[in-house]
Amino acid sequence: MTLIKIDRQTWADGIEKAKLAYRVFGPVKEKNDHEFKQLDKGEMPDFSLQNTRLSPKAIVYPQSQIMLTYSLDESRDDCRIMKEVENVTAPQLVLGIRPCDALAFPIVRRNFDSPEYQDTYWIKAYEATTFVGLACNAACSTCFCTSAGTGPFGETGQDILLMQDGDALYAKILTPKGEALAASMGWSKPAEPDAAGKLDALKTKAEASITASVSTDKLKDKILLELYGAPFWEEEAFSCINCGTCTYVCPTCWCFDVQDETHGLSGVRMRNWDSCMSPLFTIHASGHNPRTQKYERVRQRFMHKLKYYVDKYDKGIQCVGCGRCIRMCPVNIDIRRICDKMNRFDAKSCACDIASS
Amino acid sequence: MQNPYLPYPVRIDEIITETEDKSLKTFKFVFINPDDEKKFAYESGQFGELSIPGLGEIPIGIASSPMEKGFIKFTVFKTGKVTSYLHAMKVGDIMGVRGPLGHPFPWETLQGKNIVIIGGGFAFTTLRSSIISILDPANRSKFKDIHVIYGARSPGMLLYKDELQAWAQRDDIHMNITVDGTNDPNWKFLTGFVPTITEQKAPPGSPDTYAIVCGPPIMIKFTQPVLDNLGYSHDNIIMSLENRMKCGIGICGRCNIGKSFVCKDGPVFTLSQLNNMPKEY
């Protein structure tokens, strides 16, 4: 794989060039945090960040997305006939996505792109997007990516991985898509021969800076109904206020609601991010609700990510270890603690298990 | 790539008020683009999303049979925003249908078998579809004995009354139509709850006998022990579930029961399968 060194001028010029062909997104400072935004002319991504507050999932999967349009004007031939909205197919470029957030896209893809049904909106936007990752040199205390399928220098889900060594910036080209991008940005100067070794050392150091981890090795073998019936769910959910922040900030939460909105005689059918934390999520028209209790909704979130997904796809957990839900939970619910409890749960001796935790 | 969220435009061709309280109406739809009918190739037990622009979509079992050509039928209980609006719509109105969605009843497994169809209240719609399919001259010889146990609160609450009458005259299907109670002196069928009638009329369980059970939770709760007593294996008890849905294709994430989606992996499950799933329905 090609390793390229990018100097400051080439970097800035390349981004401006890319803006002519791509909608370019990158992290920018907003109040106290960073968020991914589309970069205007002259605007540069700000890499002086740990990670953005929200995950960049909205670049492929907007929080609100118009899917169909309709007219209620009886004088028109197409009255009440739904029309497809032209979806994102213009090239997009995400600059500086962290390896954890990049891993979320292949994880989520299994849901949106199944053998039976293809979510055309998600797939077209995903295929139109080039992902340029940014390796992490130091971790947060809440990061656990190394036990969630990637790492601070993880490459999955990216076309190019950028690595910073002091002021020097290196790019590792990972895919043909990345190669095309590098060519169009003028990123062509090979790195000095000893760069690879230095970056490897940085990688080792970064991996060592991750002190948190989860154990997931036994999740697959657990009997689904036993884990579902585990006695710790009510206790774990006790402090939850069902605010939904965890689902909102999560790069792998994909659930959505569909709503029609009419203005005058025309309207749109749109989808909006939804949250399994809300009782409305599952309530039937009859008023019956399969998940009336708060703990049942909390259990659904963790069982989905750490058991149902694991069983369904056999591709690991539906979590990338970014730690946002831990940092932003107002009541300190920690997915690492719950994952470990699930992983070591033994239905036969669960009483002892709880006593020791 | 086909957009799975785009409904086929349909026109309401006929509306039949089914029950005396007018809470259930059957809507017969004709596809505006004739080619869409071929794309909507379905089997009994599947459902569709009825789509009303400006209101939303509702998942409803297909009440017509694939043996009936030129239209599709859905029987809808008036209960929420979309169904209430639909009940006020008129013949000739345009709307949309997406589907067919979900898995049908396991027709291949059911070939050469006895089938007991047990339905209650307004959950008789995909069962109506099934009976029409089974009784079709092209299909009847593929199945052995067919028993039907169908109950409603009162004679006026039964769906498809004319067809029930016609099936009751036939000798190739054992019809057991029952009501919870009635003071109609002309009522010529049975009186009693579905579990009781099942106990009296259903054939004993055997590897060659399958029960398809659709009804309100209370009916299912009391019918299951009856079937257990009759010796039905849980692999031979087939049920159809409902949960709140949006996309209908296993993507939006709200109708899951454990790792299965009612929309995409169901709505048809055997009792054996349900025994290994959380009771989140």
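Predicted model: local features only at pLDDT ≥ 70, side-chain atom pairs only at ≥ 80, totals over all residues.
**View 1**

**View 2. The open sheet of chain B.** The sheet is built from 7 strands of chain B, in the order 10-9-8-7-11-12-15, with mixed pairing. Strand 10 (190–191) and strand 15 (268–270) of chain B stand at the edges. Each has a single partner strand, so one side of each lacks a neighbour in the sheet.

View 3. Strand 11 (residues 209–214) and strand 12 (residues 237–240) of chain B are paired in the parallel sense, over 3 bridges. Ile212(B) has Ile238(B), in strand 12 of chain B, as its bridge partner. Helix 6 (residues 194–201) of chain B packs on the sheet and touches strand 7 (114–120), strand 8 (146–152), strand 9 (174–179) and strand 10 of chain B. The direction of helix 6 makes about 155 degrees with that of strand 8 of chain B.

**View 4. The side of chain A that touches chain B.** Contacts between the chains involve 41 residues of chain A and 36 residues of chain B. Among the elements of chain A that give two or more residues to this side are strand 4 (64–71), helix 2 (99–112) and helix 9 (294–313). Strand 10 of chain A gives the most, with 6 residues. By residue type, this side of chain A divides into 22 nonpolar, 10 polar and 9 charged residues.

How values were computed: Residues numbered from 1 in each chain as written. Chains lettered and ligands numbered in written order. Contact = placed C-beta atoms within 7 Å. Helix = DSSP H or I, 4+ residues; strand = E, 2+ residues; numbered from the N terminus. Nonpolar A, V, L, I, M, F, W, Y, C, P; charged D, E, K, R; others polar. Pairing = 2+ DSSP bridges. Axes fitted to C-alpha atoms, helices over the stretch in contact; angles between N-to-C directions.
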